[in-house]
Amino acid sequence: MPVETSQPAPIAGHGLIAGSGLTAGLTDEERAGLPSLSPSRAADFKTCPLLYRFRTIDRIPEPPTPDQARGTLVHAVLERLFDLPAERRTQAEAAELVVPQWDRLRAEEPLLESMFGEDTAAPAEFVDSTIELLGGYFAVEDPRRLEPAERECLVEAVVDDHLLIRGYIDRLDVSPAGDLRVVDYKTGGAPREAFEARALFQLKFYALVLWRTRGVVSRSLRLLYLKDAEACDYAPDVEELTRFERTLVALWRAIDRATRERDFRPKPSRLCGWCSHQSRCPAFGGTPPPFPEPVPAPSAADESLVVVDE
């Protein structure tokens with residue numbers, strides 16, 4: 001899909017159902033009073049309810065790994081790349097952004113400040129591997145031919161009359177005809193076919209929000225796997241997004257029930273090997289901390305943490 005304009009997509013007046021729609025008319029107080037769900041937190045609960053609790057209710061800090069920090073840095077560089085004039089959006093210019101963006105991220109996020117101990121500069125291997133991932137981006141897209149409509153943009157909508165779904169889109173492209181393309185950068189490898197549905201969950205989340213707020217079904221959902229220099233494009237439809245909305249509402253009701261009953265059980269899987277909460281998990285002989293009272297409400301900040309998923 002050629003995308004060469006930054007003009008916003010037209011707003012259609014059809015396609016909305018009762019209980020869904022815009023949030024622009026909400027006051028900050030009304031918005032704050034709604035339960036909210038982000039794609040990351042929804043994925044946490046699907047992966048392991050106890051992980052959701054540790055991250056969203058207990059809010060236990062998780063020191064970022066080098067891979068997560070590298071992913072965050074790549075996202076920051078690609079966001080800043082589009083601030084440059086089109087002719088300067090080259091691989092060499094992107095490489096020049098790596099160290100300045102890392103310095104900025106370290107200054108803004110204490111968890112990253114201590115990533116490499118007392119060293120004030122990122123190790124050469126970290127910088128070089130980041131530049132290599134950026135090379136994977138340039139292998140699948142030419143940013144000189146793109147003018148994104150929005151980058152790192154917060155989108156939100158109310159579904160089921162009271163649930164606020166929200167998240168940050170890496171990049172939103174809009175064609176001259178008004179077609180939407182949602183783009184997400186992944187610094188890990190492309191998943192096997194069996195895991196594609198999990199990879200697309202986040203983008204379907206964003207497509208649902210855009211449909212409910214603009215009345216437009218995204219023409220394409222694009223996952224860019226930089227490590228493998230691969231692009232995965234998917235075209236959702238109205239029926240699929242309607243089913244996905246019902247799934248999210250059912251998921252939130254399960255979260256709400258678990259919160260009221262103080263019952264978040266571990267769900268052991270091979271992903272446990274990457275979890276930083278094993279010492280607190282009953283599946284590994286640990287004990288969760290006392291349940292906090294009152295329970296903190298999820299917020300947009302849960303989705304805008306500096307550490308991003310691969």
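Let's start with the aromatic rings: searching the whole of this predicted model turns up nine aromatic pairs. I'd like to show you two of them.

Take Y52 and F264 to begin with. How are these two rings arranged? Their centres are 5.9 Å apart and their planes meet at 15°, so this pair counts as stacked. Planes under 30 degrees apart are what we call stacked. Now look at where the two residues come from. Y52 belongs to helix α3, residues 49–57, while F264 is in the segment after α9 (238–261), so the pair ties together parts that are 212 residues apart in sequence. Are they buried or exposed? Both Y52 and F264 are buried.

Next, please find F205 and Y206. Here the ring centres are 6.4 Å apart and the planes stand at 80°, so we call this pair edge-to-face. F205 is buried, with a relative accessible area of 0%, and Y206 is buried too, at 1%.

One more ring before we move on. At W211, the charged end of R212 sits over the ring, 3.7 Å from its centre.

Okay, now to strand β4, residues 180–186. How many of its residues are buried? Seven of the seven, so the strand is largely enclosed by the rest of the structure. Here's a handy rule for reading it: in a regular strand, side chains alternate between the two faces of the sheet. You can follow that along β4. L180, V182, D184 and K186 point one way, R181, V183 and Y185 point the other way, and all of them are buried. Notice that this list includes D184, K186 and R181.

So who are the neighbours of β4? One is strand β3, residues 163–174, which runs antiparallel to β4 and is joined to it by four bridges. If you want to find one of those contacts on your screen, go to V174, whose bridge partner in β4 is L180. The hairpin of β3 and β4 has five residues between the strands, and in that hairpin G178 takes a positive phi near 95°.

The other neighbour I'd like to show you is strand β5, residues 220–225. Which way does β5 run relative to β4, parallel or antiparallel? The two run parallel, and six bridges join them.

Technical notes
Residues numbered from 1 in each chain as written. Predicted model: local features only at pLDDT ≥ 70, side-chain atom pairs only at ≥ 80, totals over all residues. Heavy atoms only, no water. Phe/Tyr/Trp six-rings, centres within 6.5 Å; stacked < 30°, edge-to-face > 60°. Buried < 20%, exposed > 50% of the residue type's maximum accessible area, 1.4 Å probe, protein only. Lys NZ or Arg CZ within 6 Å of the ring centre and 35° of its normal. Pairing = 2+ DSSP bridges.
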